Amino acid sequence: MTDTPAVDGEASRGNTSDAASSSAAPAEPESESDAPDALASSAAPEDASNMPSVPAVEFNDVTLGYRSVKGDRHVVLDHFDLSINEGEKIALIGSNGAGKSTIMKLMVGLLKPAAGTVSLFGSPIGNKKAEEISRQISLVYQNPEEMFIKDSIENDISFAMRVRDVPQWEEKTAQLLERFRLTDLRNRDGRLMSGGQMRRASLAIGIALNPSILLLDEPTANLDIATRREIMAVLDDMKDIIKTAVIATHDMQLVCQWAERIIVLCGGKVVADGTREEVFGDKRLAQLVGIRPPEIFTMARALDDDARCFTVDEFVSGFKEA
Ligand SMILES: Nc1ncnc2c1ncn2[C@@H]1O[C@H](COP(=O)(O)OP(=O)(O)O)[C@@H](O)[C@H]1O
Ligand SMILES: [Mg+2]
């Protein structure tokens, strides 16, 4: 898909307030959304707690392709099904081009399926107003710079709350700045900050409206070791505030430390869906889709065929006990 010039629904600065709404400059997906107001979202639907059997997100027979400028059609998802339940912490993994970002954009309404439905809490996104989608789900883009549309991160963080008249938005903004260690940087333009600061600010923007579902597209990509560690700690910390979360990532250490369910995508299809043991224990699968377990897992297996260590802590305690 080299010949599709546009940006495929990524946010473009200045386009909107709601960074998400901005993103609706969908390249040339076969159908693009008119309901893109989805970056920062807010509360879960009020009745969500009364309907535990309804998935938080559901893909039903979804087909989506991109059309090149020459008119050729490239199908990314073909009759794709997936259910995500409330409360799940999911890692979405798979090589570049597997469809991770496309799936996330469908979930927030930045892309529309050519066929099939994507539903949030039981009702199709296509039937929802942008406002409603944005109250339920939030996407933090792979490129944090795309989250900044104002002249200061304080304004970026507060913006979605201000336009929705969220009570005490000033106080909430201050709390978010504090929580993400950004108070001293609040007047800085997000695009001029360091990689780690940008990531922290993009996470703060993403959770500003207290979304019931948070999607993070490669939150630890291109970070140095110290910053990555810091973001990992922030993500761990966020587990309490965000009920349902999906992280698309190549970072297997993050996957093993953070995720409770791992979905492996290959060529737009789910080729595995399970626990760390199920996914990384299957050598055939790892070879097939080119995923590699964390180094520590491989090292532990070299010492003991039955080792089940996925993190350094597990390695240390596992071999101490043995
Ligand atoms: N704007 C676009 N125009 C054309 N093709 C695209 C566009 N965005 C993504 N694709 C194609 O869709 C497929 C899935 O891409 P993507 O969802 O970005 O995968 P991932 O996030 O797993 O790397 C790839 O083949 C990619 O080339
Ligand atoms: Mg991607």
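Modeller: Ground rule before we start: helices (H or I, at least four residues) and strands (E, at least two) are DSSP runs, numbered from the N terminus. By that rule Arg199 is found in helix α6, and the protein chain has twelve helices and ten strands.

Biologist: And where does the model come from?

Modeller: It's a predicted model, in which local features need pLDDT of at least 70 and side-chain atom pairs count only at pLDDT 80 or more, while totals for chains, interfaces and linings use all residues. Residues are numbered from 1 along each chain as its sequence is written, with chains lettered from A and ligands numbered from 1 in the order in which they are written.

Biologist: Which residues is Arg199 in contact with, leaving aside neighbours within four places in sequence?

Modeller: Pro144, Pro219, Leu223 and Ile231. Contact here means that the C-beta atoms of two residues, placed from the backbone, lie within 7 Å.

Biologist: What share of the protein chain's contacts with a separation of 6 or more joins residues 24 or more positions apart?

Modeller: 64%. As for burial, 45% of the 322 residues count as buried.

Biologist: Now α6 against α7. What makes their directions roughly parallel?

Modeller: The angle. Axes are lines fitted to C-alpha atoms, for helices over the stretch in contact, and angles run from 0 to 180 degrees between N-to-C directions. The classes are: under 35 degrees roughly parallel, over 145 roughly antiparallel, 65 to 115 roughly perpendicular, and the rest oblique. Helix α6 (residues 195–207) and helix α7 (residues 225–238) pack at about 15°, with their axes 9 Å apart. That's therefore a roughly parallel pair.

Biologist: Which residues make that contact?

Modeller: From α6, Gly195, Gly196, Arg199, Arg200, Leu203 and Ile207; from α7, Thr227, Glu230, Ile231, Val234 and Met238. By class that's five nonpolar, three polar and three charged residues. The nonpolar ones are drawn from Ala, Val, Leu, Ile, Met, Phe, Trp, Tyr, Cys and Pro; Asp, Glu, Lys and Arg count as charged, and the others, Gly among them, as polar.

Biologist: How do you know that helix α4 is mostly covered?

Modeller: Eight of the eleven residues of α4 (residues 153–163) are buried. They are Ile153, Glu154, Asp156, Ile157, Ser158, Phe159, Ala160 and Met161. What covers them includes α5 (169–179) and α6.

Biologist: On to the open sheet. In what order do its strands come?

Modeller: β2-β1-β4-β5, with antiparallel pairing. Strands pair if DSSP finds at least two bridges between them. β1 (residues 57–67) and β2 have eight bridges, β1 and β4 have five, and β4 and β5 have two, so each pair meets the rule of at least two.

Biologist: Why are β2 and β5 placed at the edges?

Modeller: β2 (73–84) and β5 (123–124) each have a single partner strand, so one side of each is left without a neighbour in the sheet.

Biologist: What lies across the sheet's strands?

Modeller: Helix α2 (residues 100–107) lies across β1, β2 and β4 (115–120), running at about 120° to β1.

Biologist: What makes Phe121 worth a look?

Modeller: Its phi is near 50°, a positive value in a residue other than glycine. Most residues other than glycine have a negative phi. Phe121 lies in the loop between β4 and β5, and with 21 C-beta neighbours inside 10 Å it counts as buried.

Methods:
A residue is buried if 20 or more other C-beta atoms lie within 10 Å of its own, exposed if 12 or fewer, and partly exposed in between; C-beta atoms are placed from the backbone.
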